[in-house]
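Reader: I should like to learn how to read the features of a protein model. May we proceed feature by feature, with the general idea stated before each case?

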Amino acid sequence: MNSEDPKQLLVISGKGGTGKTTIVASFAALADGEVLSDCDVDAADLHLILHPEVKTREEFSGGKVAVKDDNLCTDCGICREHCRYDAIDENFEIDSFSCEGCGVCEYVCPEDAITMEPVLSGYSIESSTEYGNMAHGELVAGEETSGKLVTDIKQKAGKIAEDTGKELIIIDGSPGIGCPVIASLSNVDLALIVTEPTLSGLSDLRRVTGLLDHFEIQGNIVINKYDLNLEVTGKIEELAEEDGLTLLGKIPYDSVVTEAMVHEKSVVEYSSSPVAREIESIWKKVKRALKDVS
Amino acid sequence: MQITISAGKGGTGKTTVATNLALALAGEYDVQFFDCDVEEPDSEIFLRPELDNEEPVNLKVPEVNDETCTYCGQCGDACEFNAIATFGENTLVYPELCHGCGLCSLVCPVDAITEVDNKIGKLRSGRAGNLEYHDGNLTIGEPMATPIISRLKKKIDPDGVSILDSPPGTACPVIESLHGSDFALLVTEPTLFGLHDLKLSVDVVKELEIPLGVVINRDGIGDDRVERYCDSEGIPILMRIPDDRDIAVYYSKGVPFIEKMDGWKERFLELFEEIEGQAEYQKRQKLIET
């Protein structure tokens, strides 16, 4: 990697609802001025805390959908035979929810009755916040190609960093290990995994660390609500040790996190609770870890 | 009756609701359980099934015969997913981008492309007491969850009750899980994030024209904005699960809380009756409207 490229910090979790956005919002406040990015395009929440002022909002089309001209269609059924997504029903109507946008039907149709048309899959947005510029997105309800939108947002964040001379991009990732998460991993320097001490959290942590291994990305861990189940917290610590992941901190369970959210503020700005102090300490360690990655 | 438990936001309690509901119904009906969160399947932790079947999920990906390929590049031009491309005298396939549609082999003028199986995950099944259990599992590093969910859903018996635990979000894997359901049960929490993501889920479910209802989990935290939203939209709130440390601890240990806390099995049975009523009522309302 070019040494002048901005560093990328990605916050992920495997399991949803472990506190990614809570932590990213606090990091945004602590970092003061770095580039921010919300790549959880399925359910983007970071803007609810950071209150961005939208500068540009571009339509994003990442895929296509088959559209049929009923005047040309002879109900021959060849399209239905070839479609592998069951997107053409027995009356030869196209179900746009099942349509993958591959274009096989268009190719095989002897009457040229089918055309592939681009669909609006979402919006790619550039904003300013009081904590720095932000690249984020919105997926249109029920649309596909969230991975492509993530890639677009990341490129936008990279461009903002380049234009403004920033050295770090802080990225809020999505849950899971599939397409949008894999898209968010590209060129990441450090992944911070936010997990929780539940058996589900532990199982999902194993899968997400497997994913980081697969793409050879360095991961660190934060255990959120660690005091909810100390036994599982211990197991997560063991797993971190075995997998060579550094544990950067353990955040206690505290209703102040929800209170801060009700007030639409990051925890570190809302209070000086033990939660806020632990996040501050984690942020310092993250900065040090980022310096160490080349 | 196919009920899909979904949520825009992760960690709101989909698996908690899905597993407890399935267990409550298991003795009373023929119940199939499907874990459609194939990226992070966790319901096994709560249902502890005895698995007796495992099968691979393969996607067809192209394999290019270098002897016959003329490097014309038509396959790459046709592919909507950039999964195949010709550079000079080399045609390369990127299996992780391939959606398995077969268009490249159709367009190849010299029949240089054959399709081979690429394993992207697996399906497993077994029994958990009175429940028939099914899950899907995406191989780590593979991006495409949707084909696994679609294969998993082929096991649904339309005559019984099937409970589907959906992945979080609003993108393709969620649509695939919801598609064809008789009812969408959306689990949320009474917070700013919960409400925002609930609205996204409601948009998707309405787009799919599926009857819906809401479960508020961790009731008591946050504020009343979810409730006000549901009231104004006429969305029924079918259950409230209180913010209770015992429930959170049972969850952390992988224990379904209806097995430990009195009265909840009955409440989940009532939830099912309400779902049946709402599914029927909302379907009828839609017919009247159109």
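Reader: Which are the buried residues of H1(B)?

Author: The model is a predicted one, in which local features need pLDDT of at least 70 and side-chain atom pairs count only at pLDDT 80 or more, while totals for chains, interfaces and linings use all residues. Residues are numbered from 1 along each chain as its sequence is written, and chains are lettered from A and ligands numbered from 1 in the order in which they are written. A residue is buried if 20 or more other C-beta atoms lie within 10 Å of its own, exposed if 12 or fewer, and partly exposed in between, with C-beta atoms placed from the backbone. Helices (H or I, at least four residues) and strands (E, at least two) are DSSP runs, numbered from the N terminus. In H1(B), the buried residues are B:Lys14, B:Thr15, B:Thr16, B:Val17, B:Ala18, B:Thr19, B:Asn20, B:Leu21, B:Ala22, B:Leu23, B:Ala24 and B:Leu25. Since twelve of its 13 residues are buried, H1(B) is largely enclosed by the rest of the structure.

Reader: What span should the 13 residues of H1(B) have?

Author: The expected span of a helix is 1.5 Å times one less than its number of residues. For H1(B) this should give 18 Å, and its end C-alpha atoms are 18 Å apart, which agrees.

Reader: Across which strands does helix H1 of chain B lie?

Author: Two residues are in contact if their C-beta atoms, placed from the backbone, lie within 7 Å. Axes are lines fitted to C-alpha atoms, for helices over the stretch in contact, and angles run from 0 to 180 degrees between N-to-C directions. Helix H1 (residues 14–26) of chain B lies across E1, E2 (31–35), E7 (131–138), E8, E9 and E10 of that chain, and runs at about 170° to E8(B).

Reader: What is the order of the strands in the open sheet of chain B?

Author: Two strands pair if DSSP finds at least two bridges between them. The open sheet has nine strands in the order E3-E6-E7-E2-E8-E1-E9-E10-E11 (chain B), with mixed pairing. Strands E3 (50–64) and E11 (237–242) of chain B stand at the edges with a single partner strand each, so one side of each is left without a neighbour in the sheet. From one strand to the next, the twist averages 20°.

Reader: To which strands is E1(B) joined, and over how many bridges?

Author: E1(B) runs parallel to strand E8 (residues 161–168) of chain B, with five bridges joining them; here B:Ile3 stands opposite B:Ile163. With strand E9 (residues 183–188) of chain B, E1(B) pairs in the parallel sense over four bridges, and B:Thr4 stands opposite B:Ala184. The bridge partner of B:Ile216 in E11(B) is B:Arg240.

Reader: Which way do the residues of E1(B) point, and are they buried or exposed?

Author: In a regular strand the side chains alternate between the two faces of the sheet. From E1(B), B:Gln2, B:Thr4 and B:Ser6 point one way, B:Ile3, B:Ile5 and B:Ala7 point the other way, and all are buried. With six of its six residues buried, strand E1 (residues 2–7) of chain B is therefore largely enclosed by the rest of the structure.

Reader: How is chain B divided into domains?

Author: Domain bounds come from an automatic or database domain assignment. Chain B is divided into domain 1 (2–47 + 121–289) and domain 2 (58–119). The centres of these two domains of chain B, taken over C-alpha atoms, are separated by 39 Å.

Reader: How many residues of chain B are in contact with chain A?

Author: The contact involves 53 residues of chain B and 52 residues of chain A. On the side of chain B that touches chain A, H7(B) provides the largest share, eight residues. By class, that side has 26 nonpolar, 17 polar and ten charged residues, where Ala, Val, Leu, Ile, Met, Phe, Trp, Tyr, Cys and Pro count as nonpolar, Asp, Glu, Lys and Arg as charged, and the others, Gly among them, as polar.

Reader: Which residues does A:Thr258 touch?

Author: Not counting residues up to four places away in sequence, A:Thr258 touches B:Thr191, B:Ile221 and B:Gly222. A:Thr258 is placed in helix H9 (residues 256–262) of chain A, and counts as buried because 21 C-beta neighbours are inside 10 Å.
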